[in-house]
Each structure stands twice: as C-alpha cells, then as structure tokens.
Amino acid sequence: MQNPTAAMLVIGDEILSGRTRDANMFHLAGVLTEAGINLREVRVVSDDQPAIVAAVQALSKAYTYVFTSGGIGPTHDDITADCIAAAFGRTIDVRADARALLAAHYAKSGSELNAARLRMARIPDGAALIDNPVSVAPGFIVENVYVMAGVPSVFRAMVDSVLPALSGGAPLISETLEIERGEGDIAGPLGAVAEKYPSLSIGSYPFQKKNGAYGSNIVVRGADIAAVRRAVQELMAVLNV
C-alpha cells in the first residue's frame, strides 16, 4: 500500500523577494517523513489571488493533503482565507467561535479587538478550525487543504495540532553514502542499482569541500528498511566504498 502524498503551498511576496527565508518547508518535510506521508511538491506563489486560487485547486486534486503557510494575518495583503474560499466556491465571513477565541485573547492582554485583528476570524463556510496555542488566531481546514500561518513558531504549533489526525503510512527511512568521486564516474552503477529497486528513492547530491575535494552524497530512502539496507550494501560493493 502506497503512502499518502502531500504538497505545500508557500504564500507571500516576502519569500519571493528574498526578504524572508522560508523555514516551514524544512520542518514540514521532516515531520511528514516521520508520519509516512510523502511530500511530493512545494510551490511558492505571490500575494496574488488568481495565482493562489489556481495553485490550491491544482494541488488539492493531485495530492492527499495540501498544507499552506502565510497570508492569514490582520493586514490588507493577507488574502489567503479569501483565496481558499474562492478556490472551493464557499462564502467567507467572521465566525463566532473564531471571534470568541480572539476576543478572549485580546481582552486578557488588554488590547483592542479592532477591525484589523478581526480579519483573522474570517473563516470560509464549513471549515474546521486549527488550534493555535502560540498566538490564538486559528488556521482552518477546507476539504484536504490545511491553512496555516507563515510565522515559523505558529506554523510548527499548527502542524502539531493537525498531525495526529492525519492518516499516514510506513515511516520513511534513509541512509547516506559519501562518495569522493565525480558523478560521471558513479552514474552507471548508481543507475543500475536504482533500476533494481524501483520502490526506493536513490539520489545523488554532489558537493565540493573547502580543500577542493569533490564527490557526492548518495541518499537511499524508502519505507522498506530491509530493501534500503540491501541497496546500500550493493552500492558499497559496486562503488568500492
């Protein structure tokens, strides 16, 4: 049985402009691997409604789960909630339970629940809320799309909130061989072993060290630990490691 698949949609001009370095993909890839969910695609789109809507619709159809990050804050350019509603043909408005969470939070801190902050309570019709133990403002789930904040600490907390309810598969394990030879020298035997193990992911990732030495890290990944170990042993033999 194949593992469930996933995609991530990173939303925000600040990522594409280079002003912000995305850390959420790295975190999500790690926890999904442990849960036996294969992250197959990551897209980055600007704060542009047609682009976000098109990406959500395409990814939702192609994968078991879609995770978004960014664009659910209180400012004018936080348009993700509206885009998700549009992508699934749903209405959107301030929802009572989300508003109650924010009202209690800001009352406790002595801050006003103004119009800007109330934007974070706008939820597409029929969505389920995602708990946010860091800053209270919730994410939400529409069909197979999990909509979460871009702030890394909040994103991680939201992922922790939803992960136990996801149907995963066999956790993926990986082993790495460091080969100090050029890829041109190892490509033939590497390809032969990869062809023999179609259920595994066998990749070559070249490097060059500060002393000028170059080589490649050969990474073998899969859910069948016995097959991974057999493939690694065969690679060690044919590459004389």
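**Exercise 1: Packing of α2 and α7**

In this predicted model, helix α2 passes helix α7 in a right-handed crossing. Determine how the axes of α2 and α7 are oriented and which residues make the contact.

Solution. Step 1: locate the helices; α2 covers residues 24-35 and α7 covers residues 152-162. Step 2: consider the axes, which come within 10 Å and cross at roughly 20 degrees. Step 3: classify the angle; angles under 35 degrees count as roughly parallel, and α2 is therefore roughly parallel to α7. Step 4: assign the contact, to which α2 contributes N24, H27, L28 and V31, while α7 contributes P152, F155, R156 and V159.

**Exercise 2: Packing of α3 and α4**

Classify the arrangement of helices α3 and α4, and identify the residues through which they meet.

Solution. Step 1: the axes of α3 (residues 49-62) and α4 (residues 80-87) come within 9 Å and cross at roughly 55 degrees. Step 2: roughly parallel requires an angle under 35 degrees, and roughly perpendicular requires 65 to 115. The two helices are therefore oblique to each other. Step 3: the handedness of the crossing, with α3 passing α4, is right-handed. Step 4: on the α3 side the residues are Q49, I52, V53, V56 and Q57, and these meet C83, I84, A86 and A87 of α4.

**Exercise 3: Strand partners of β11**

Describe the pairing of strand β11 with β9 and with β10.

Solution. Step 1: β9 (residues 173-179) and β11 (residues 214-222) run antiparallel and are joined by 7 bridges. Within this pairing, I179 has S216 of β11 as its bridge partner. Step 2: β10 (residues 201-208) also runs antiparallel to β11, with 8 bridges between them. Here Y205 stands opposite N217 in β11. Step 3: β10 and β11 form a hairpin with 5 residues between them, and G212 in the turn has a positive phi of about 95 degrees.

Technical notes: Residues are numbered from 1 along each chain as its sequence is written. This is a predicted model: local features need pLDDT of at least 70, side-chain atom pairs count only at pLDDT 80 or more; totals for chains, interfaces and linings use all residues. Side-chain values use heavy atoms; hydrogens and water are left out. Two strands pair if DSSP finds at least two bridges between them. Helices (H or I, at least four residues) and strands (E, at least two) are DSSP runs, numbered from the N terminus. Axes are lines fitted to C-alpha atoms, for helices over the stretch in contact, and angles run from 0 to 180 degrees between N-to-C directions. Angles under 35 degrees count as roughly parallel, over 145 as roughly antiparallel, 65 to 115 as roughly perpendicular and the rest as oblique. A crossing is left-handed if the near helix is turned anticlockwise from the far one by less than a right angle, and right-handed if clockwise. Contact means heavy atoms within 4.5 Å.
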